[in-house]
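Visitor: I have a structure open here and would like to talk through how its pieces pack. Could you walk me through it?

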Protein chains: 2
Amino acid sequence: MALIVQKYGGTSVGSPERIKNVARRVAAFHARGDQVVVVVSAMSGETNRLIALAKEIQPQPEPRELDVVISTGEQVTIGLLCMALAEIGVAAKSYTGGQTRILTDSAFGKARILDIEGDAIRRDLEAGKVVVVAGFQGVDSEGSITTLGRGGSDTTGVAIAAALKADECQIYTDVDGVYTTDPRLVPSARKLDAITFEEMLEMASLGSKVLQIRSVEFAGKYKVKLRVLSSFEEQGEGTLITVDTVEEKKRMEDPVISGIAYNRDEAKLTVLGAPDRPGIAYQILGPIADANIDVDMIIQNVGRDGATDFSFTVNRAEFEKARSVLESARAHIGAREIIGDTEVCKVSAVGVGMRSHPGVASQMFRVLAEEGINIQMISTSEIKISVVLDEKYLELAVRVLHRAFGLEKVSGAA
Amino acid sequence: MALIVQKYGGTSVGSPERIKNVARRVAAFHARGDQVVVVVSAMSGETNRLIALAKEIQPQPEPRELDVVISTGEQVTIGLLCMALAEIGVAAKSYTGGQTRILTDSAFGKARILDIEGDAIRRDLEAGKVVVVAGFQGVDSEGSITTLGRGGSDTTGVAIAAALKADECQIYTDVDGVYTTDPRLVPSARKLDAITFEEMLEMASLGSKVLQIRSVEFAGKYKVKLRVLSSFEEQGEGTLITVDTVEEKKRMEDPVISGIAYNRDEAKLTVLGAPDRPGIAYQILGPIADANIDVDMIIQNVGRDGATDFSFTVNRAEFEKARSVLESARAHIGAREIIGDTEVCKVSAVGVGMRSHPGVASQMFRVLAEEGINIQMISTSEIKISVVLDEKYLELAVRVLHRAFGLEKVSGAA
């Protein structure tokens with residue numbers, strides 16, 4: 001018997017039939033004696049429908065009132081799921097974010113959870129009920145409804161698991177776990193049984209978008225055992241995301257690299273011949289930040305002849321904006337030229353194992369060189385090596401690295 | 001400057017465009033210095049959509065969870081109306097039934113209001129804001145969401161007006177007031193400037209369904225000045241519904257009859273030759289009540305030769321059910337025969353004036369006789385005379401009574 005928090009996303013509760021499926025899964029855990037708290041999102045499409053309705057009334061909707069409107073999406077789902085549970089004989093009780101008092105700050109649309117009052121939930125669980133909580137929403141100290149922003153239901157799940165000291169927080173999604181790389185790109189990609197929070201953060205931010213990053217940070221901070229599973233498959237243990245040192249030690253025997261992530265939406269900008277003086281990075285990136293453009297990789301090489309070349313990558317959709325910002329600032333910076341390239345991609349090898357295994361980077365560069373793939377930029381962290389490549393090499397690079405680091409499915413294994 | 005509660009029904013807020021219209025009307029009151037609290041229903045069709053969704057999950061939805069689901073309808077409207085007000089420069093704040101703490105009992109789906117906490121609303125009004133409250137919903141003492149049942153938004157409006165001691169509660173609907181009879185039937189029907197609560201109750205229960213009966217009772221009990229207006233017309237004072245004795249005195253000069261109501265959905269059942277003994281009414285109507293059939297008019301004539309004929313009317317849709325209940329009970333009752341007629345209707349003259357004007361009933365019967373209309377049943381109360389007629393005479397009877405009691409539009413008047 002365990003206390004389990006399960007989170008189901010919009011696709012998993014996207015129709016009455018799917019809600020009934022979720023109810024059957026929850027009932028199975030309940031039947032084996034587990035205490036189950038279920039966190040649900042709005043039915044898929046519902047949040048977008050409500051936002052569109054609001055924008056018909058007010059192009060820039062009042063943030064407080066927009067949260068009043070869109071929080072109804074999850075409220076509908078919690079009621080429906082409780083009905084589906086009751087219909088198969090499982091007593092269940094629903095809670096909105098306000099009712100279970102998920103206290104947040106007042107940043108409407110992107111609120112952060114401050115505290116969760118779990119007493120009522122605990123009483124219901126003790127009484128043998130399944131508790132169903134609306135994800136993505138809370139209340140501020142004045143009682144106004146808030147929402148946590150897109151994907152916030154994952155965060156609700158983890159926060160409730162932390163508040164209740166749950167044994168596990170299970171995130172049900174439309175994939176059956178975290179893979180060594182994108183299975184659509186590399187059919188031999190293997191599902192990982194376990195991954196560390198740090199690796200997960202690197203994987204998530206690099207495009208393997210299984211979990212919302214904030215929920216992973218939250219789980220790491222509060223040491224919540226997090227598991228990603230498929231809501232469409234009956235079997236399977238999914239992927240465990242953990243900070244457990246025992247888990248990490250066990251993994252010492254595993255391959256040094258856990259996965260190959262990639263991001264196709266990259267664009268590269270280079271400032272050529274900038275004066276090599278203190279503050280130059282700020283002079284270049286300051287205007288970019290002022291224009292609200294997110295910067296990903298940043299590379300500055302040692303200068304030569306008092307000048308330096310400074311490169312960074314941005315989301316491809318923001319390339320033109322970033323380029324014109326730089327052009328406007330070029331004279332002030334004192335740079336010779338601004339060049340850019342939108343046909344680039346980023347490929348990364350991620351793994352905590354590289355901490356104890358030197359030589360991973362050189363192995364990666366050798367593999368790419370053997371295929372004739374030119375590396376345009378390199379950036380490394382403790383558990384990740386990223387390279388920027390010509391976009392046309394993306395699939396090839398991911399495949400050869402996946403094979404080189406021994407990530408392929410063992411023949412015969414799942 | 002006045003404190004006004006305005007209630008807008010589902011049709012009045014049925015689209016983004018209509019919500020914007022409501023905002024403009026509210027803004028006009030706000031601009032002239034009134035403090036305005038707006039109570040809104042769900043957008044038309046929304047509640048039915050949510051109920052259908054719930055029934056797909058559970059044919060007999062859990063009452064508590066059904067209220068969680070359907071209460072989202074009004075929640076969406078309050079948010080949207082606040083946005084519409086903000087868009088035209090009027091500061092507004094929304095409240096769900098839980099947020100303004102409309103405390104009800106726990107009778108989910110048909111809860112009754114126990115108390116309203118109006119302090120937060122008062123503060124917002126003092127600060128110059130328009131307050132928008134979700135109709136039809138509240139919370140019980142445990143914090144569970146409740147709904148007041150269909151039409152409950154009217155009751156919310158009146159209850160808030162009572163709690164805030166508002167100067168007037170305006171119910172905006174798709175008609176511009178209460179008429180002397182159905183204008184579709186009698187084009188010369190006249191809008192009443194005022195009507196008493198008692199008359200309104202008789203009119204409403206007889207088919208002039210402008211206001212929910214419970215809200216009228218509530219307004220009478222708490223002496224809330226209630227006014228029915230059209231949400232689609234800019235001008236017009238609507239109809240004032242009042243208990244004010246001054247109003248009633250003034251009305252002494254008015255015609256004795258305020259309106260002619262009718263109901264087409266009637267069916268008549270008669271138990272012939274039942275023994276004329278104590279308890280016979282219970283023996284006949286007991287099984288009908290047990291079968292959950294609502295009975296309207298009940299007539300028992302004096303007996304002859306130890307036997308009596310007992311008649312009553314039911315909703316036409318329940319005629320067959322009622323008839324078979326009576327047939328099963330006939331032998332036990334000791335009656336000779338059960339007969340019935342589905343082609344009947346009820347026509348009523350309503351007016352507090354008849355208290356002080358004897359002879360209204362005989363005038364009514366004379367008018368009908370002059371047209372050769374046979375009266376099948378008669379029932380009277382202090383302020384109402386109802387007759388059951390062959391359905392084919394309905395339009396004729398309403399028209400001649402409307403004319404006979406001087407209810408027609410004065411030529412040239414609105």
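Visitor: What is the handedness of the crossing of H4(A) and H2(B)?
Guide: In this predicted model, the crossing of H4(A) and H2(B) is right-handed. The two helices are H4, residues 72-87 of chain A, and H2, residues 46-57 of chain B, and their axes come within 8 Å while crossing at roughly 30°.

Visitor: What about H1(A) and H2(B), how do their axes cross?
Guide: The axes of H1(A) and H2(B) come within 9 Å and cross at roughly 45°, so these two helices are oblique to each other, and the crossing is right-handed. The contact is made by A:Pro16, A:Ile19 and A:Lys20 on the H1(A) side, and by B:Leu53, B:Glu56 and B:Ile57 on the H2(B) side. Those residues divide into four nonpolar, no polar and two charged.

Visitor: Zooming out, how many residues does each chain give to the contact of chain A with chain B?
Guide: The contact takes 30 residues from chain A and 30 residues from chain B. On the side of chain A that touches chain B, the elements giving two or more residues are helix H1 (16-31), helix H2 (46-57), helix H3 (63-70) and H4 of chain A.

Visitor: Which of them gives the largest share?
Guide: That is H4(A), which supplies 11 residues to the side of chain A that touches chain B. The residues of that side divide into 17 nonpolar, eight polar and five charged.

Visitor: Changing topic, what does the domain assignment give for chain A?
Guide: The assignment gives domain 1, covering 3-251, and domain 2, covering 260-404. The C-alpha centres of domain 1 and domain 2 of chain A lie 34 Å apart, and the contact takes 14 residues from domain 1 and 14 residues from domain 2.

Visitor: Where does the largest share of the domain 1 side come from?
Guide: Helix H7 (residues 197-205) of chain A gives the largest share of the side of domain 1 that touches domain 2, with four residues. By class, that side of domain 1 has five nonpolar, five polar and four charged residues.

Visitor: One more helix pair: how do H10(A) and H11(A) meet?
Guide: The axes of H10 (residues 280-290) and H11 (residues 319-333), both of chain A, come within 9 Å and cross at roughly 140°, and the two are therefore oblique to each other. Their crossing is right-handed. The contact is made by A:Gln283, A:Ile284, A:Pro287 and A:Ile288 of H10(A) together with A:Ala322, A:Val325, A:Ala329 and A:Ile333 of H11(A), which by class gives seven nonpolar, one polar and no charged residues.

Visitor: And what is the radius of gyration of chain A?
Guide: Chain A has 24 Å, which agrees with the value near 22 Å that a compact globule of 414 residues would have. There are 13 helices and 18 strands in chain A, and its C-alpha atoms fill a box of roughly 75 × 55 × 35 Å along the principal axes.

How values were computed
Residues numbered from 1 in each chain as written. Chains lettered and ligands numbered in written order. Predicted model: local features only at pLDDT ≥ 70, side-chain atom pairs only at ≥ 80, totals over all residues. Axes fitted to C-alpha atoms, helices over the stretch in contact; angles between N-to-C directions. Left-handed = near helix turned anticlockwise from the far one by under 90°. Domains from an automatic or database assignment. Contact = placed C-beta atoms within 7 Å. Nonpolar A, V, L, I, M, F, W, Y, C, P; charged D, E, K, R; others polar. Rg over C-alpha atoms; globule rule 2.2 N^0.38 Å. Parallel < 35°, antiparallel > 145°, perpendicular 65-115°, else oblique.
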